[in-house]
Amino acid sequence: MIKNKKFILYISLVFFFSFTVGFLIGIDVSPNKIISKSNFLPVPKNIDPDINYDLFRQLWMAVKDDYVDQPVTDKDLFYGSLEGLVQGLDDPYSIFLNPDLAKKFMDDMSGSFEGIGIEIGMRDDRLTVIAPLTGTPAFRAGLLAGDKIYAIDTKSTFGMGLDEAVHLIRGIKGTPVILTVLHKNKNFTEDVEIIRDVIEITSVSWEMKEFPDSNKKIAYIKVSHFSEDTWQAFIDICSVVLRASPDALLLDLRNNPGGYLDTAVDMAGYWVDNDVITFSTDANKYKKEYKSNGPGDFKDIPTVILVNQGSASASEILAGALQDYNQATIIGEQTFGKGSVQELHSFSDGSALKLTVAYWYTPLGRSINENGISPDIDIKITVEDLENKIDLQMDTAIEILKESI
């Protein structure tokens, strides 16, 4: 939802992150040079007086004049320094996006891009798969939530920013990329070649699971991502589901890395009408509540939600709210724990700043950030289960729902 050139996004990964150095303008120091001061920029009044702001000027001119590969453009230095300025926060979710990256970021949120189809983030200072998007090249190659990426096309990811990783992984449809991956529950890495493709995200799908032996029907709804088209697609599916009069609901949020906050809040309104779905606190400890305004059509229908380590951000808000209100039983694995609020500021040149401004909590005050949502029934899926197409989480959810109806 856009408001005054900025809107709030709630994202795993996610996609674009910062690199390089802080905002620097000046002249370089060498043993044989006399350094002159530049009045290119005034010193901001709120700069710490112990900081030598003139170093900004000196470093800018040092790079501009003496870097070996010339020419060095002011544009590259300017945007690179802004990226570095935000990187100084040491927060992987706060990033400056130059105009090209900002456009790619919005393209990703619209539901179509070229790449391999994974959300990535940082976990324990290591590039980590948050979630492979269902049906994408990454999903078919066997990448799993929690996998560590040690190299991209033999280039080590140690110390690599998320933005650089995204640039290396994404590419033209039909071209290969080799990821050196440490899978969960394994003690050795392996090279995985993946062919890039156009990634079309079908954010919501559904099917009716019928059981002739009991004459019961369970509506299975899969939400893969909270993107631009998710809310309208969810409304359309819900109208069909309601006409089918299911006895129970199974909402699958596994490997859903998040997306638009408003969509998650509105979606929760089908189970929780006119109440707090989540709240945030900012740097000033100001508490802001986000309330549902939904129809509550599902609140009397037994519901199970499936989650795993790839369920992040908006997925965690939705699952946490329904868990707090006892509207759903959560089955699966501990979720990712991406509970910070990013606000997107758009600028006149097409660049953007995605800045962490607050932290999310469930309605009962549980912190989502780094903690995630704990399932009511903890069931892990092993690599052997995946290879044999065994889904114990799904099977358990269906059995529980059949017993409850």
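**View 1. Lining of the second largest pocket in a predicted model.** The lining of the second largest pocket in this predicted model has 12 nonpolar, 10 polar and eight charged residues. Here Ala, Val, Leu, Ile, Met, Phe, Trp, Tyr, Cys and Pro count as nonpolar, Asp, Glu, Lys and Arg as charged, and the others, Gly among them, as polar. The volume of the second largest pocket is about 700 Å³. It is lined by 30 residues, and those closest to its centre are Asp90, Asp91, Pro92, Met122 and Asp125. A pocket is an open set of points on a 1 Å grid over the protein atoms alone, where a 1.4 Å probe fits, with protein on both sides within 12 Å along at least five of seven lines; lining residues have an atom within 4 Å of a point. At least two lining residues come from each of β4 (118–123) and β5 (126–132); strands are DSSP runs (E, at least two residues), as helices are (H or I, at least four), numbered from the N terminus.

**View 2. The largest pocket.** The largest pocket holds about 890 Å³ of space. Phe139, Leu144, Asn255, Ile381 and Leu386 are the closest to its centre among the 35 residues that line it. Helix α9 gives the largest share of this lining, four residues. By class, the lining has 13 nonpolar, 10 polar and 12 charged residues.

View 3. Asn98 sits in the loop between β2 (95–97) and α3 (99–110). With a relative accessible area of 17%, Asn98 is buried (under 20%; exposed is over 50%, partly exposed in between; 1.4 Å probe, protein chains only). Beyond its neighbours within four places in sequence, Asn98 is in contact (heavy atoms within 4.5 Å) with Tyr79, Glu83 and Ser351. The side chains of Asn98 and Glu83 are joined by a polar contact of 3.5 Å; such a contact is a pair of N or O atoms within 3.5 Å, and within protein one must be able to donate a hydrogen and the other to accept it, while residues adjacent in sequence count only if both atoms are side-chain atoms.

**View 4. Ser81 in helix α2.** Ser81 belongs to helix α2 (residues 74–87). Ser81 counts as buried because its relative accessibility is 4%. A polar atom of its side chain lies 2.7 Å from the backbone oxygen of Phe78.

Residues are numbered from 1 along each chain as its sequence is written. In this predicted model local features need pLDDT of at least 70 and side-chain atom pairs count only at pLDDT 80 or more, while totals for chains, interfaces and linings use all residues, and side-chain values use heavy atoms, with hydrogens and water left out.

Note on methods: Points joined across faces, edges and corners; volume = space filled by probe spheres on them.
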